[in-house]
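This report looks at how parts of one protein chain are held against each other. Please keep the sequence and the 3D view at hand while reading.

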Amino acid sequence: MTETAVRRIARGAPLVYCLIAASLIALEPGPQYDEVLPAMAAVHWGGASEPPYPHDPDTWICGGARCAPLMTLRYAGAVKDYLYLPLYALAGPSIIWLRVLSMLMGVTAIAGLTELVAAGAGWRAALMTAGALAIHPAFLWQTVFDSGLIATWMLAVGLLALALARYTKHRGPASALLVGLAAGFGVWARANFVWLLAALSIGMVFAWRGQILRQWRHLPWLAAGCIVGGFPFLIYQWISGGGTWQALSMYPAEGSPLSLLPARLALLSEVLLADREHRAMWGGTPMPVWQAAAVVGIALFSLFFCLWRGGKMGRAVAVASILLAAVLLSSRMAIGEHHLIVLIPLLAVAAGIAFSVSPKPFGRAAAVLFVACAASWHVTAWQGLWTTGGVGLWSDGSYRLADEIARRYPGREVTFFDWGLRNQTYLLTRGAAPLREVFGTAQQTELGRSWNETLRDGGLFVTNGRRHRQFPGPTEGLRGALAGLPASARRTTIFQRNGDVFAELIDTP
């Protein structure tokens, strides 16, 4: 195959990713609570005050009679909020368009890494990298059904890769400035992007040594780009007094890093192919052990081969992958699969480089194995979502619940007796009604009132279905209180396609 053909196929790989993603988006599983978090700002955009829904302090800025988001969370910038705004203006609260936006962010990552690998290791390695990412189940699910702001991270990865690809071809102040802009933007997009930047920097110094250091004249341009690209992040730190660092203590891991290591390694082995966070969308079965062992073997071979014979780019990526994995696996903060997924772009590059220069029989066997496993999971995902429409917090019952509230109770305040339903209801109803969540305990709500008193005063209440309740306190507290409701209380049950209760809507006089 000629290099021109290889180049065309590599650049066409994002189309495969888009086709698979579009087939899943079209099935319209329900929006997950955190998935719609960056879309909620569009509902309140341009208001004279900060939004009525709970949000971290200082994450919105107000000037004159208008307010706009600065950060989605203390550690994640409002990148997706701004990108979704024109889509909301054109199509309203469309979950399909929100997911299309996430898909395009994933496309940016694949396209950027393709160009970078081609510039540093050749088009054959770029083709393998792009192909691996385009069909990777966990990469696709985590970006398209973005419940952890992963799509924003991947957008930043793609922009940084494009900037680095340009720098390798045109080393000068302008290219260094673009690299800095992409790096700063990435930190604003998600603060822990700084760990990726640190790992990549160490990896590049390890691989290129003196060649990197001889570019010191470009450092002022690089630093200037970082400041400009990350300026919203710096503004937030100044306004909030270091709000991102305050968040570090809010999500501590329960246990020492050493005691958590086996569980984290198990999660990583699944993220390398098909993460369990998104298999839960259709109530999927566990991953076979042999598949986890196979992808772990491919990843380890790729890293060691890159360190041995992967050239400068291969060594840099291998070192960066190992360092970033060490940071994540030893973190004292709670780590989930939506954190570990950030390793996949680096490992895809390592695999692309390794298998482009390794013995062909071994590389072909590994490629066939990975493609077969990936294809089976995509078919499973499509069948699962086609049959169920999503289950639990991903159920398409969210659409019916929002429609019921908007149609029968316009303008009524709604109280959710659990976590998991408020955000998507706010978006789908265009924020037409005030919403609040009550967690509380078995004895009383967080307002200091008993459950009986809360219900006796009347209102519109929503509870989660039994199979996907997140906090036991409200459920335990409601048992006795609901039994004592007057007969005039109206109850509406929202079912999932499989017959399980998704939510119950209770209107008490």
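## Two packed helices

Helices (H or I, at least four residues) and strands (E, at least two) are DSSP runs, numbered from the N terminus. Axes are lines fitted to C-alpha atoms, for helices over the stretch in contact, and angles run from 0 to 180 degrees between N-to-C directions. The model is predicted: local features need pLDDT of at least 70, side-chain atom pairs count only at pLDDT 80 or more, and totals for chains, interfaces and linings use all residues. Residues are numbered from 1 along each chain as its sequence is written, and side-chain values use heavy atoms, with hydrogens and water left out.

Helix H7 (residues 150-169) packs with helix H8 (residues 173-189) at an angle of about 170°, and their axes are 8 Å apart. H7 is therefore roughly antiparallel to H8, a term for angles over 145 degrees, while those under 35 count as roughly parallel, 65 to 115 as roughly perpendicular and the rest as oblique. By class, the contact of H7 with H8 has 14 nonpolar, three polar and one charged residues. Here Ala, Val, Leu, Ile, Met, Phe, Trp, Tyr, Cys and Pro count as nonpolar, Asp, Glu, Lys and Arg as charged, and the others, Gly among them, as polar. Contact means heavy atoms within 4.5 Å; the residues of H7 that meet H8 include Leu155, Leu159 and Tyr167.

## The disulfide

A disulfide is a covalent bond between the sulfur atoms of two cysteines. By the rule used here (a pair of cysteine sulfur atoms within 2.5 Å), the structure holds one disulfide. Cys62 is joined to Cys67, with 2.0 Å from S to S. The link of Cys62 and Cys67 is right-handed, with 105° about the S-S bond.

Cys62 is partly exposed at 46% relative accessible area, whereas Cys67 is buried at 3%. Buried means under 20% relative accessible area, exposed over 50%, and partly exposed in between (1.4 Å probe, protein chains only).

## Salt bridges

A salt bridge is a side-chain nitrogen of Lys or Arg within 4 Å of a carboxyl oxygen of Asp or Glu. The count comes to 16 salt bridges.

One of them pairs the side chains of Arg99 and Glu35 (2.7 Å, N to O). Arg99 lies in helix H4 (residues 95-121) and Glu35 in the loop between helix H1 (3-25) and helix H2 (40-44), 64 residues apart. Both Arg99 and Glu35 are buried.
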